[in-house]
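This report describes the domain organisation, the interface and the nonpolar cores of the model shown below.

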Amino acid sequence: MPVTVNPDLQAIIDRITADMEGREDRGKVADYIPGLARVDPRHFGIAIATHDGRIISAGDATTAFSIQSVSKVFALTIALGKVGDALWKRVGREPSGNAFNSIVQLEAEQGIPRNPFINAGAIVVSDIILSGHRPGEAIGEILRFVRDLAGDDDISIDEDVARGEAETGYRNAALAHYMRSFGNIQHPVEQVLGVYFHQCALAMTCIQLAKAGRYLMLEGQHPETGFNVVSPTRARRINALMMMCGHYDGSGEFAFRVGIPGKSGVGGGILCVVPGIASIAVWSPGLNERGNSTLGSLALEKLAAATGWSIFNERDPG
Ligand code: DON
C-alpha cells in the first residue's frame, strides 16, 4: 500500500481512539516501580506532530505520564553530541533478543551492552552524560534538552517515580556494578543510577512527546530554530536503532506489525518516527509480556495500516 497523501488524520485517530477505549484486553500496568503501579490502566492517548507543523491528538493526549525508557532516545542523542562515534566503543548496536533488564549477555560480551536502549546500554549512556558534571547538572541538561525539543518548559521530572526506582532498582544496580567491574562505568554507580532514574522519570504528555520527537522526522533539524540537533546521518541511525532495538525482545514483532521505528517505555508510552512525515506518541499503561504497551502497539498498527506509514511501503521515487 503506498503512503496515503493527506490522510484525514483527525478522523483516523478519533476512530482508533474510540476502538481502543472499548477494549478490555489492556495488559498489565508495570508494578515493579511503585509510582507506576498506581496508574489507571484505562488511559489511552495519541498525538501526531506532522512535518508541516500540525499537531493532531485524541484521547488522553494532555495527561502527563512517566516516559521511562522512551527517554533513552533523548539521552542517546545528548551522549552522541558529547563523545560522537566513540560511544560505540562502549555500547553495541545490535538487537539483544533479551528482556530490557537482562544481565545474561553482559558476561559473555565483556560488559559491553548490546545496544543503548536496553537498561545496561542506557546506564552507560548516563555515565557518558555525567562526564564533567555533577549528577544534578546532568539531570538538568537532560530536562532542558527535552524541554527545548518540545518547545515546552512545563515538562518536569516526577521525583516520586525517581525515588521509587532508586529504592527498588536492584537489577539496575547489579547491571551498573557489573559493568563497572569491566571498566565500562567510570563514575560512582549511585551517581550514574541517579541520572538514569531521573531521566526515566521524565513526565510528559503525548503532545509534548510527539513534539520532542520531531527532530528525528526532520533529518535531525530542530523544527523551530532550523539548527541541527544531530546530523542527518545520526538521525537516520537513531531511527534505525529504534527500529531494531526499540521494543527489546518485542522489536521484531513491532517491526512486523507496525513497520515504523519506535521506542517504548514501561510507563506505557511509545514514540514513533515516520521519517519526513510524522512524529507520533501513544500512551496506554497496560503492558504486554515484553513490557511494551498493549493498546499503544495495536493503535500504531492500525494507524500504519490506515496511512500507509510503514517505512516498508512504496514511496514516490520522485
Ligand atoms: O530501569 C527501568 O527498569 C525503568 N526505569 C525503565 C524500563 C523501561 O521502560 C523498559 N521499557 N519497556
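**Basis and domains**

Domain bounds here come from an automatic or database domain assignment. On that basis the protein is divided into domain 1 (9–66 + 204–307) and domain 2 (69–200). Their C-alpha centres lie 20 Å apart.

The model is predicted: local features need pLDDT of at least 70, side-chain atom pairs count only at pLDDT 80 or more, and totals for chains, interfaces and linings use all residues. Residues are numbered from 1 along each chain as its sequence is written, and side-chain values use heavy atoms, with hydrogens and water left out.

**Domain interface**

Domain 1 and domain 2 bury about 2900 Å² between them, 69% of it on carbon and sulfur atoms; this buried area is the accessible area (1.4 Å probe) that two parts lose on being put together, summed over both. Arg-234, Leu-241 and Tyr-248 supply 21% of the area that domain 1 buries against domain 2, more than any other three residues.

Two salt bridges are found across the interface, a salt bridge being a side-chain nitrogen of Lys or Arg within 4 Å of a carboxyl oxygen of Asp or Glu. Arg-234 also forms a salt bridge with Asp-85 through their side chains (3.3 Å, N to O).

**Nonpolar cores**

A nonpolar core is a set of buried (under 20% relative accessible area, 1.4 Å probe, protein chains only) Ala, Val, Leu, Ile, Met, Phe, Trp, Tyr and Cys residues joined through side-chain atoms within 4.5 Å. The largest has 77 residues, with Phe-74, Leu-87, Ile-123 and Leu-209 making the most contacts inside it. Another core, apart from it, has 27 residues, including Ile-16 and Val-274.

Terms used: Buried means under 20% relative accessible area, exposed over 50%, partly exposed in between (1.4 Å probe, protein chains only).
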